[in-house]
Amino acid sequence: SNPLDKDQMQGLRGVREFLKVRTSYDVLPLSFRLVILDNDLLIRKSLNILIQNGIVSAPLWDSRNGTFAGLLTSTDYINVIQYYCQFPHEIDEVDQFRLSSLRDIERAIGVPPLETVAVHPMRPLYEACRRMLKTRARRIPLIDTDDETGRETVVSVITQYRILKFIAVNNEQHTMLLKKPVREIGLGTYTDLATATMNSSVLDVIHLMVKYNISAVPIVDKDNRVLNLFEAVDVIPCIKGGAYDELTATVGDALSQRAEDFGGIYTCSEEDRLDTIFETIRKSRVHRLIVVDDDSRLKGIISLSDILKYVLLYGEEEDDLQEY
Ligand code: ADP
């Protein structure tokens, strides 16, 4: 058989073993900051807090019951926008919505409520990964419960990016074995790609993200050359202060207002391999890779969930997967 196949399987097994002997707690930096928002906060105000703190998500806290109340993410704001589109005459009510109304908004626009999975920080990291894949969650809160009082503590939130970065930094001896081209292992999505142009409105792109259930849309020119990428988190500055009427602005305008520290977009070719992708993840803040040809034409997109799924599940027997 092909020696690349053997190495590839050995590398994957090594990474899986690594994830089974490490805990979610191991992924956390020695010191970190955690912004938790009270469920009673106005949605409008939550936007400014996220922007001021340079974050795109936060755990919610129900202070009346002293319990964790879910995770606020850009999907929630996209839901509010959809609500506003469906009930445009209710703009005054929308302005008064609190974070605790997010579940009612989901119901009103008919999207299934996001499953709020959480894991205990001392459980194997492998378990957190499996939960993420199962629920399609991009981030997962680490919740500890006091044995005696039953009180919950939100320890932190880990993202797919953090986990892949942790693998990339600590497990190079296994990731370096992953030498099969992404074309060969079918990593990513290559058909029915959702794209938009610089002249599309922000609202059009949001509708695409909802329809395809994706968190980013490549922005291409008339020859399908990749110019940029509009991400779900780019929605947050667009509606700062509750400016829902500004969503008619073009993608070009919205992207030109990106923060100075925007990390840029990452591309790769179909010949690239996971070993080099992990190298990129080790060095940079990558949230997805756009696959392009030699002329920068769009070929596909590789999300972090595609990578995580492949790393965890490729070649596993159905039976072994049941237990998670
Ligand atoms: P993640 O779950 O890591 O945030 P996405 O939501 O962007 O990633 O991607 C979910 C799935 O949809 C992945 O399998 C990815 O390959 C695919 N995908 C991502 N972006 C697009 C797009 N613009 N068009 C079609 N499929 C996409």
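In what sense, left-handed or right-handed, does helix 1 pass helix 8? The model is a predicted one, in which local features require pLDDT of at least 70 and side-chain atom pairs count only at pLDDT 80 or more, while totals for chains, interfaces and linings use all residues. Residues are numbered from 1 along each chain as its sequence is written, and side-chain values use heavy atoms, with hydrogens and water left out.

The crossing of helix 1 with helix 8 is right-handed; the term applies if the near helix is turned clockwise from the far one by less than a right angle, and left-handed if anticlockwise. Helices (H or I, at least four residues) and strands (E, at least two) are DSSP runs numbered from the N terminus. Two packed helices are described by the angle between their axes and the distance between the axes. For helix 1 (residues 3-21) and helix 8 (residues 160-170), the axes come within 11 Å and cross at roughly 110°. Axes are lines fitted to C-alpha atoms, for helices over the stretch in contact, with angles from 0 to 180 degrees between N-to-C directions. The two helices are therefore roughly perpendicular to each other (65 to 115 degrees; under 35 is roughly parallel, over 145 roughly antiparallel and the rest oblique). Helix 8 is mostly covered, eight of its 11 residues being buried (under 20% relative accessible area; exposed is over 50% and partly exposed in between, with a 1.4 Å probe and protein chains only). The buried residues of helix 8 are Q160, Y161, I163, L164, K165, F166, I167 and A168.

The structure contains 23 salt bridges, each defined by a side-chain nitrogen of Lys or Arg within 4 Å of a carboxyl oxygen of Asp or Glu. One of them joins the side chains of D76 and R103, at 3.5 Å from N to O. D76 belongs to helix 4 (residues 74-86) and R103 to helix 6 (residues 102-109), so this pair ties together parts that are 27 residues apart in sequence. D76 is buried at 1% relative accessibility, whereas R103 is partly exposed at 27%. In the salt bridge between E127 and R123, the closest N and O atoms are 2.7 Å apart. E127 is buried, with a relative accessible area of 12%, and R123 is partly exposed at 41%.

A further salt bridge, 2.6 Å from N to O, is formed by the side chains of E271 and R183. This pair links distant parts of the chain, 88 residues apart: E271 is in the loop between strand 8 (266-268) and helix 14 (274-283), and R183 is in helix 10 (residues 182-185). E271 is partly exposed at 45% relative accessible area, as is R183 at 48%. D221, K222, D223 and R225 are linked in a network of salt bridges.

Two residues were noted for their backbone geometry. Most residues other than glycine have a negative phi. N213, however, has a positive phi near 55°. This residue is in the loop between helix 11 (202-212) and strand 6 (216-220), and N213 is partly exposed, with a relative accessible area of 45%. S296 likewise has a positive phi, near 65°. S296 occupies the loop between strand 9 (288-292) and strand 10 (298-303) and is partly exposed at 34%.
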